[in-house]
Amino acid sequence: MIDFTEQKERLIEYYCQMGYVKDQSSIEAFRCVPRENFVPPNQISLAYIDRPLSLMNTGQTISAPHMTVMILDYLELKAGLKILEVGAGSGYQAALIASAICSDPLNKGHVYTVEIVPELIKFAQNNLKKSGLNEDVTVISGDGTLGYPEQAPYDRIILTAAGPQVPPPLMEQLKIGGILVIPLGRPGLWQQMTRIRKLDENKIKEELLSSVAFVPLRGKYGY
Ligand code: SAH
């Protein structure tokens, strides 16, 4: 077993210095969740190198750690929220979110995360179990651009794959007052991480957050 504490603390210090993360609870979630449990076994030594890692031979990636922590800030998380993620991949982002919203036993949130690549579903489930977070995160097999109506509406929706548009079913499944975060733009180039607030049934507020590089969103409303 490698002890990653020092490498992890160095990354945290760097993120704080660079102003990547502002919310202390995002840092705490990063500290608590072992990223080494979510990277493919042959890449464990790279768990705290600040870059994306490929997920076996699926063509998919687990995002760089700084991106995953920035997403926590973008989502404005708090205890008790119900969250939908599109693109479970390794399960790591869902685990970070769960750690941020489930720490209060009297006000526990839940993460539902949808994955379209069949071999990643078991991988994500096993990783979450290893990390003791399988009761706080449900991994669902399917096309996440259709959302997961069974548990709608959601306080927050996060897409971790880049799409051409906000899938309409996701907007419908977002609560009024809720936040949806999505990388918008063409795959292979930079995309714009975009935050959308649903102010009421017909009114949204859109903000551009940062330039990012994500794998393409597939499915009915993807590429
Ligand atoms: N959040 C993941 C990394 C995401 S990589 C993590 O923390 O590891 C993007 C993931 O989105 C890939 O696993 C890809 O298969 C998945 N994906 C792409 N389009 C999708 C869709 N329409 N529905 C569900 N998952 C999708």
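The model is predicted: local features need pLDDT of at least 70, side-chain atom pairs count only at pLDDT 80 or more, and totals for chains, interfaces and linings use all residues. Residues are numbered from 1 along each chain as its sequence is written, and side-chain values use heavy atoms, with hydrogens and water left out.

**Shell around the ligand**
- The ligand is surrounded by 26 residues (a heavy atom within 4 Å), and G87, S90, E115, G144 and R218 are the closest.
- By class, 12 of the shell residues are nonpolar, 10 polar and 4 charged (Ala, Val, Leu, Ile, Met, Phe, Trp, Tyr, Cys and Pro count as nonpolar, Asp, Glu, Lys and Arg as charged, and the others, Gly among them, as polar).
- β2 (60-62) gives the largest share of the shell, 3 residues (strands are DSSP E runs of at least two residues, helices H or I runs of at least four, numbered from the N terminus).

**Polar contacts**
- Polar contacts are pairs of N or O atoms within 3.5 Å.
- A ligand nitrogen atom lies 2.8 Å from a polar backbone atom of G144.
- For G87, a polar backbone atom is 2.9 Å from a nitrogen atom of the ligand.
- In T160, an N or O atom of the side chain is 3.1 Å from a ligand nitrogen atom.

**Pocket lining**
- Lining the largest pocket are 42 residues (an atom within 4 Å of a point on a 1 Å grid, probe 1.4 Å); T61, S63, T160, F214 and V215 lie nearest its centre.
- α3 (65-74) gives the most to this lining, with 4 residues.
- The lining has 22 nonpolar, 16 polar and 4 charged residues.

Definitions and conventions
Polar contact = N/O pair within 3.5 Å; in protein donor to acceptor, adjacent residues only side chain to side chain. 1 Å grid on protein atoms, 1.4 Å probe; cavity = no way out; pocket = protein on both sides within 12 Å on 5 of 7 lines; lining within 4 Å.
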